[in-house]
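Dear colleague,

Please find the structure below, with its sequence. My notes on the ligand site, the pockets and the cavities follow it.

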Amino acid sequence: MLIIGLVSQKGGVGKSSISRALATHYASKGLTVKISDLDINQSTSYQWQQRRLQSELEPVVSVECFGSVQQAMKQSSQYDVVIFDGAPQANKATQQIAEIADLIIIPTGLSVDDLQPSVILANSLKAAKIPARKITFALCRTGDSKSEYSEAQQYLESTPYRLIDGQIQERTAFRRAQDAGRSMIECQYQKPREQAQAMVAAIDSYINELTKERINEYA
Ligand SMILES: Nc1ncnc2c1ncn2[C@@H]1O[C@H](COP(=O)(O)OP(=O)(O)OP(=O)(O)O)[C@@H](O)[C@H]1O
Ligand SMILES: [Mg+2]
């Protein structure tokens with residue numbers, strides 16, 4: 001089983017959007033996928049799945065709300081991929097997700113106000129004995145300034161954590177896609193769709209890198 005955790009201290013950074021993109025990606029490869037929506041106050045991914053089902057979109061992705069990581073894991077043993085869509089400011093759950101996940105993704109915007117809390121969160125996970133290799137950042141909701149992007153990139157690359165290649169720009173098309181029960185990789189407009197697909201591919205390739213490292217460790 002592959003376990004991926006999307007976490008952040010801040011709200012609205014793209015946790016749910018990336019969770020859905022990854023979920024539809026793995027489901028389209030024939031894997032069984034479950035999004036464990038830990039945001040029981042908003043349960044936005046659960047609501048998104050309802051829209052998806054209403055529109056009879058394929059592939060089918062399971063989404064279930066859980067009050068705790070432990071509860072979610074008890075119900076997920078039969079899935080190939082489990083994606084934790086974290087709630088903002090969920091310190092205890094974030095730590096628990098990080099402990100069991102193969103990969104942790106912290107989506108972040110480009111402003112200092114977004115970047116600093118993201119690095120602080122990563123540092124707190126590392127201080128709590130989560131291996132730095134497992135902790136990644138994904139640049140989301142970015143603008144079209146190249147200098148802003150490259151400064152953020154430089155800053156994050158100076159940390160012990162991996163910056164996932166690529167970015168998800170702020171696009172109405174991503175909102176509209178998700179309003180209609182699609183994921184960002186199923187967006188009807190080619191350019192944003194390819195951008196989301198590239199980010200998913202970069203995440204997948206980093207997961208493969210980590211898996212190879214683990215195999216070598218045991219060899
Ligand atoms: N790249 C983007 N372009 C435009 N809108 C986006 C983009 N990414 C996310 N959004 C929109 O911004 C809102 C927040 O995104 P999302 O739900 O993915 O963030 P989140 O981190 O899960 O938020 P929360 O902390 O509230 O759970 C949603 O309405 C979503 O449709
Ligand atoms: Mg969310």
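The largest cavity has a volume of about 40 Å³. Please bear in mind throughout that this is a predicted model.

**Cavities**

In total, the structure holds 2 cavities of 30 Å³ or more. The lining of the largest cavity consists of Ser 8, Gln 9, Lys 10, Val 13, Ile 106, Pro 107, Thr 108, Asp 114, Pro 117 and Ser 118. Two elements, strand 5 (103-108) and helix 5 (112-127), each contribute at least two residues to that lining. By class, the lining of the largest cavity comprises 4 nonpolar, 4 polar and 2 charged residues.

Around it stand Ile 18, Ala 21, Ile 168, Met 184, Ala 196, Met 199, Val 200 and Ile 203. This lining has 8 nonpolar residues, with no polar and no charged ones. Helix 1 and helix 8 (190-218) each provide at least two of the lining residues, and helix 8 gives the largest share, 4 residues.

**Ligand 1 and the largest pocket**

Where is ligand 1 placed? Ligand 1 sits in the largest pocket, which has a volume of about 580 Å³. The pocket is lined by 27 residues, and those nearest its centre are Gly 12, Gly 14, Ser 17, Arg 141 and Gln 178. Its lining divides into 6 nonpolar, 11 polar and 10 charged residues. Helix 1, helix 2 (44-54), strand 6 (135-142), strand 8 and helix 7 each supply at least two residues of this lining.

The shell around ligand 1 itself is formed by 18 residues, of which Lys 15, Ser 16, Ser 17, Gln 169 and Arg 171 are the closest. Sorted by class, the shell has 4 nonpolar, 8 polar and 6 charged residues. Helix 1 (15-28), strand 8 (168-169) and helix 7 (172-179) each give the shell at least two residues.

- Ser 17: an N or O atom of its side chain is 2.6 Å from an oxygen atom of ligand 1.
- Gly 14: a backbone N or O atom lies 3.0 Å from an oxygen atom of ligand 1.
- Gln 42: a side-chain N or O atom is 3.3 Å from an oxygen atom of ligand 1.

On its own, ligand 1 has 620 Å² of accessible area, and the protein covers 83% of this.

**The second largest pocket**

The second largest pocket has a volume of about 160 Å³. Its lining is made up of Leu 38, Ile 40, Phe 66, Gly 67, Ser 68, Val 69, Gln 70, Ala 87, Ala 90, Lys 92, Ala 93 and Gln 96. Helix 3 (69-74) and helix 4 (91-100) are the elements that give two or more residues to this lining; the largest share, 3 residues, comes from helix 4. By class, the lining of the second largest pocket holds 7 nonpolar, 4 polar and 1 charged residue.

With kind regards

Methods
Residues are numbered from 1 along each chain as its sequence is written. Chains are lettered from A and ligands numbered from 1 in the order in which they are written. This is a predicted model: local features need pLDDT of at least 70, side-chain atom pairs count only at pLDDT 80 or more; totals for chains, interfaces and linings use all residues. Side-chain values use heavy atoms; hydrogens and water are left out. A residue is near a molecule or strand if one of its heavy atoms lies within 4 Å of it. A polar contact is a pair of N or O atoms within 3.5 Å; within protein, one must be able to donate a hydrogen and the other to accept it, and residues adjacent in sequence count only if both atoms are side-chain atoms. Accessible areas come from the Shrake-Rupley method with a 1.4 Å probe; for residues, only the protein chains shown count as cover. On a 1 Å grid over the protein atoms alone, a cavity is a set of points where a 1.4 Å probe fits but cannot get out, and a pocket is an open set with protein on both sides within 12 Å along at least five of seven lines; lining residues have an atom within 4 Å of a point. A molecule sits in a cavity or pocket if more than half of its atoms lie within 2 Å of its grid points. Ala, Val, Leu, Ile, Met, Phe, Trp, Tyr, Cys and Pro count as nonpolar, Asp, Glu, Lys and Arg as charged, and the others, Gly among them, as polar. Grid points are joined across faces, edges and corners, and a volume is the space filled by probe spheres set on the points.
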